[in-house]
Amino acid sequence: MTTKPHSDLHYMALAIQLAKQGLYTTSPNPRVGCVLVKNDEIIGQGFHIKAGEGHAEVNAIADANERGNLTKNATAYVTLEPCSHFGRTPPCAQGLIDAQVSRVVSAMTDPNPEVAGNGFAMLRAAGIEVVDNCLAGESAKLNPGFIKRMSMAGTEHKPVPYVRLKMATSLDGRTAMQSGESQWITGPEARAEVQKIRAQSCAIICGADSVLIDDPSMNVRISADCTDGSLQQIRQPLRVIIDSQHRVKSKAKIFTLTGKVMIASPVEPEHRIISEFCEVSYLQSAASQSHQVDLTTLLEQLASQGINEVLVESGAKLAAAFIQQDLVDELVMFTAPTLLGSDARPAFNLPFAKMEQQIRWSWQDVRMVGNDLKLVLTRKI
């Protein structure tokens, strides 16, 4: 009995799983996986781990070489079009040409204007067969921020990151008691899930009120018992505090942890915070009509720094501002089976009076995390 050869879909699915291993480390580069196949056998595989280091194709070729496998006439399955330009590393399209592969199957075209089909053109010019659009939808889920930011380049709109807004609420939609007490509404499993969402974010945005009331760390804390070995090299996201009046003080916990903290305000501070533990920077952002930080401009400034994905963890006022200005791509709600009562604080400060003001969302995922519900939604168009 002969074994039926695997399809392109099979090997691309494997490449996508490889790409996921770089979920927390590749920023600002996209997460990419590559599988090299010859005679229906995998001869090499790799994924992009970190910016400045080898891309997925390079790592897959190196893996094949280490195994003693010849890459000539192999098929390369790549989750994103091989790059065609010199950046911090040489172009991957040329690497595949040098490896003498005969066929390249790609999940999707790279939206980066510096690539955008040029990688495919290089391969075809070298006589290599190119197949595009293989599991494109699944591959796109790997890099929502990179795709959004790159797709907006060269348009009438300035690029902005992909924005997730996360809230933890009770069954009656409350996030804290009237006193501000909020620890803990959700269980340990949900809080561990939040750590993973933080880890895949390039930046975390919070407001001055959250820092003053909750004194949060806003960093990534993933222990060995809630992750796999590929997540040991966790990079800390940029922590952004929106503090229009410079009310946050240096004694806040957020300044006692390693990493980078940025304070965004429309006005220069009288005294700058200096920390011996973390790198503190200031970003003077445009002011809105209410003399607060203009959120759209802030996102544009972050995108210009290579920020792909932003996580907003804030109180009801700032969360509502992001929603009302249509800046939220994805809403992540963790709902606990508890009631906090009508005097507790709401999730969003949206003082609507009419049904026509309601904002509808579309379900993307609903599942249990411990004894809590994780709800993922996108804005309904």
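1. Rings of Phe, Tyr and Trp (its six-membered ring) pair if their centres lie within 6.5 Å; planes under 30 degrees apart count as stacked, over 60 as edge-to-face and the rest as tilted. By this rule the count comes to 1 aromatic pair. Its members are tyrosine 11 and tyrosine 77, tilted at 35° between the planes and 5.3 Å centre to centre. Tyrosine 11 lies in helix α1 (residues 8–19) and tyrosine 77 in strand β3 (residues 75–78), so the pair ties together parts that are 66 residues apart in sequence.

2. A word on the basis, before you go further: this is a predicted model, in which local features need pLDDT of at least 70 and side-chain atom pairs count only at pLDDT 80 or more, while totals for chains, interfaces and linings use all residues. Residues are numbered from 1 along each chain as its sequence is written, and side-chain values use heavy atoms, with hydrogens and water left out.

3. Are the two tyrosines buried or exposed? Tyrosine 11 is buried, with a relative accessible area of 2%, and tyrosine 77 is buried at 4%. Here buried means under 20% relative accessible area, exposed over 50%, and partly exposed in between (1.4 Å probe, protein chains only). The helices (H or I, at least four residues) and strands (E, at least two) are DSSP runs, numbered from the N terminus.

4. Strand β12 (residues 309–312) is worth a look. Glu309 and Leu311 point one way from β12, Val310 and Val312 point the other way, and all are buried. In a regular strand the side chains alternate between the two faces of the sheet.

5. For the partners of β12, two strands pair if DSSP finds at least two bridges between them. Strand β6 (residues 162–169) runs parallel to β12, joined by 4 bridges, with valine 163 opposite valine 310. Strand β8 (residues 203–207) also pairs with β12 in the parallel sense, over 3 bridges, and there isoleucine 204 stands opposite leucine 311.

6. In helix α4 (residues 118–125), Gly119, Phe120 and Leu123 are buried. Seen down the axis of α4, the buried residues fall within an arc of 100°, so they line one face of the helix; the arc is that of the directions from the helix axis to the C-beta atoms. Their cover includes α3 (92–98), β4 (103–106) and β5 (129–131), where contact means heavy atoms within 4.5 Å. Just after α4, glycine 127 has a positive phi of about 85°.
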